[in-house]
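Hi,

Here is the model I promised to pass on. Have a look, and my notes follow below.

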Amino acid sequence: MENHTISKTLLSLADNPMPNSKIQKADLLPAPGSRLDSVEMKENPITDSSIPFRDLTDAASKKQSIGKLIAKLDVETNIRYQRTVEDTYCNVYSYDYCYFSKVYLPTVWWKAESLEKVLQGQDVEAVFEDTVDRIYSSAIHDWFLEWGESFGWQRIYTTDEIQNKVNENGGIGIICAKRKIKGLSGHIVPVVPETDLHKAYRENGVVLYPLQSQAGKLNYNYFSEVRKDWWNDELYSSYVFYYHE
């Protein structure tokens with residue numbers, strides 16, 4: 001079975017490749033209470049000047065700074081990302097990873113009434129639990145299909161291609177899967193550049209399992225083969241791969 005390719009069924013999923021110039025980011029402001037050592041205010045960007053942003057100078061600087069970012073966020077040990085009885089925090093970690101990589105991924109998104117106003121060209125302030133609310137991984141899967149192109153995301157169709165793009169360009173890769181049962185958690189994971197110590201899993205030179213970093217039931221700064229093609233698990237109805245420079 002060729003796990004590195006997307007099934008014909010998935011290829012038929014509708015997406016919206018035409019950017020919409022009226023859509024706006026739904027970003028909350030950084031908050032002092034949003035910290036790596038706290039479980040509070042996970043919907044807000046972290047205020048911590050010691051966390052490095054991705055250096056966009058060139059591909060080498062992008063990859064080097066991503067390595068520093070993964071080390072600093074340290075998803076395996078920092079309190080912000082540890083599972084609780086109620087939940088896991090793959091979406092929070094993916095949001096933080098993208099935020100400090102200078103790429104937009106929502107952790108909150110417009111409520112229906114607010115979205116309608118935004119698309120009418122009105123200026124709407126992002127106010128938590130008023131105009132915006134949390135968005136979880138299954139809904140982020142659909143967000144990518146609807147709005148990803150509007151924020152510079154490119155849909156990718158093989159694990160080999162997404163890993164190669166991340167390696168060559170120092171860009172941001174995402175795998176996002178949607179649960180079959182509505183209301184249950186999907187999963188979202190960054191695909192990250194390979195390093196001397198951490199590699200994707202290949203067969204015959206082709207990437208089957210990309211190098212990834214995740215929060216979830218188990219947290220990994222880096223992993224590939226240990227979770228194999230998790231996105232093909234029967235828990236999920238579909239999945240998408242997306243890439244951003």
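Helix H3 (residues 90-100) has 10 of its 11 residues buried, so it is largely enclosed by the rest of the structure. Buried here means under 20% relative accessible area with a 1.4 Å probe, counting protein chains only; helices are DSSP runs of H or I with at least four residues, strands are E runs of at least two, and both are numbered from the N terminus. The buried set in H3 is Cys90, Asn91, Val92, Tyr93, Ser94, Tyr95, Asp96, Tyr97, Cys98 and Phe100. Their cover includes helices H2 (59-73) and H5 (137-147), plus strands S4 (172-179), S5 (187-191) and S8 (212-214), where contact means heavy atoms within 4.5 Å. Just after H3, Lys102 has a positive phi of about 65°.

A caveat on all this: it's a predicted model, with local features needing pLDDT of at least 70 and side-chain atom pairs counting only at pLDDT 80 or more, while totals for chains, interfaces and linings use all residues. Numbering runs from 1 along each chain as its sequence is written, and side-chain values use heavy atoms, leaving out hydrogens and water.

Overall, the protein has six helices and 10 strands, and 51% of its 245 residues are buried.

Cheers

Methods
Buried < 20%, exposed > 50% of the residue type's maximum accessible area, 1.4 Å probe, protein only.
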